[in-house]
Amino acid sequence: MALFGRSKSDTATIDGPDLSHLTGTYTIDPTHSEVGFSVRHAMVTTVRGQFAEYDGKLQLDGANPAASTAEVTIKVVSIDTNQEQRDGHLRTGDFFDAEAHPEITFTSTAAEQVDAETYRLTGDLTIKGITKPVSIDFTFNGAAKDLYGNERVGFEGSTTINRTDWGLSYNAALETGGVLIGEKVKLSFDISAIKAA
């Protein structure tokens, strides 16, 4: 993940903060992070959920940003929309098929700096055994040392995908027209990561 790479043109560069001091290996802290999603329901409202179990690593290289990488693995069974029956349905073959495909993975392939505060991360997202590229715009929220002496970095980002591209095509027609579940799903990431000692 060349997360801190800067896009260059023939005539200009994008100015941004000097992040070279952040070089190192980081582990995502799930107790202070959130991997969430939202989707339209019955054409009139939005259902939100999250995955409670996941892990990930960032390898940030401030001196050579193109060498940076990111990997995230999410446990499908940990899906939580605050409604047990719906969560159970989401784990079945109609949706994620958690038994056959227990993990969702993301592996970065490239990144660029869009402006002084925004970074676009591109990578391979695998859901239900199907891998497709996605791009996620992130904001760097800052770096700090916590009360326990851990060096932390924070990022916040989101992207929108079409769930049917990953085989999540279940739906039902409504009597009043339209469908029960929207095809567009917004994925959101609020990440706190701890630097290895």
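1. Let me start with the aromatic rings. This is a predicted model, and a search of the whole structure turns up five aromatic pairs. In one of them, phenylalanine 138 and phenylalanine 189 sit 6.1 Å apart centre to centre, with 40° between the planes, and the pair is classed as tilted. Phenylalanine 138 belongs to strand β9 (residues 130-145) and phenylalanine 189 to strand β11 (residues 181-195), so this pair ties together parts that are 51 residues apart in sequence. Both phenylalanine 138 and phenylalanine 189 are buried.

2. Still on aromatics, please also look at Phe37, Phe51 and Phe96, which form one aromatic cluster.

3. Next, the overall layout. Reading from the N terminus, the order is β-β-β-β-β-β-α-β-β-β-β-β. Among contacts with a separation of 6 or more, 58% join residues 24 or more positions apart.

4. On burial and surface: 37% of the 197 residues of the chain count as buried. The accessible surface of the chain is about 10800 Å², and carbon and sulfur atoms hold 50% of that.

5. Arginine 163 deserves a look of its own. Where does arginine 163 sit? It is in the loop between β10 (151-162) and β11. Is arginine 163 buried or exposed? Its relative accessible area is 5%, which is under the 20% cut-off, so arginine 163 counts as buried.

6. Leaving aside residues up to four places away in sequence, arginine 163 touches Phe95, Leu168, Ser169, Tyr170, Asn171, Ile181, Gly182, Glu183 and Val185. For tyrosine 170, the backbone oxygen lies 3.0 Å from a polar atom of the arginine 163 side chain. Valine 39 is 124 residues from arginine 163 along the chain, and the C-alpha atoms of these two residues are separated by 9.8 Å.

7. Finally, a spot on the outside. Which residues form a nonpolar patch on the surface? They are Met43, Val44 and Val179, and together they have about 280 Å² of accessible area. Valine 44 is located in the loop between β2 (34-41) and β3 (45-51). Its relative accessibility is 65%, so valine 44 counts as exposed, whereas arginine 163, also in a loop, is buried.

Terms used. Residues are numbered from 1 along each chain as its sequence is written. This is a predicted model: local features need pLDDT of at least 70, side-chain atom pairs count only at pLDDT 80 or more; totals for chains, interfaces and linings use all residues. Side-chain values use heavy atoms; hydrogens and water are left out. Rings of Phe, Tyr and Trp (its six-membered ring) pair if their centres lie within 6.5 Å; planes under 30 degrees apart count as stacked, over 60 as edge-to-face and the rest as tilted. Helices (H or I, at least four residues) and strands (E, at least two) are DSSP runs, numbered from the N terminus. Buried means under 20% relative accessible area, exposed over 50%, partly exposed in between (1.4 Å probe, protein chains only). Patches are made of residues with over 30% relative accessible area and no salt bridge: like charges are joined within 9 Å, nonpolar side chains (Val, Leu, Ile, Met, Phe, Trp, Tyr) within 5 Å. Accessible areas come from the Shrake-Rupley method with a 1.4 Å probe; for residues, only the protein chains shown count as cover. A salt bridge is a side-chain nitrogen of Lys or Arg within 4 Å of a carboxyl oxygen of Asp or Glu. Contact means heavy atoms within 4.5 Å. A polar contact is a pair of N or O atoms within 3.5 Å; within protein, one must be able to donate a hydrogen and the other to accept it, and residues adjacent in sequence count only if both atoms are side-chain atoms.
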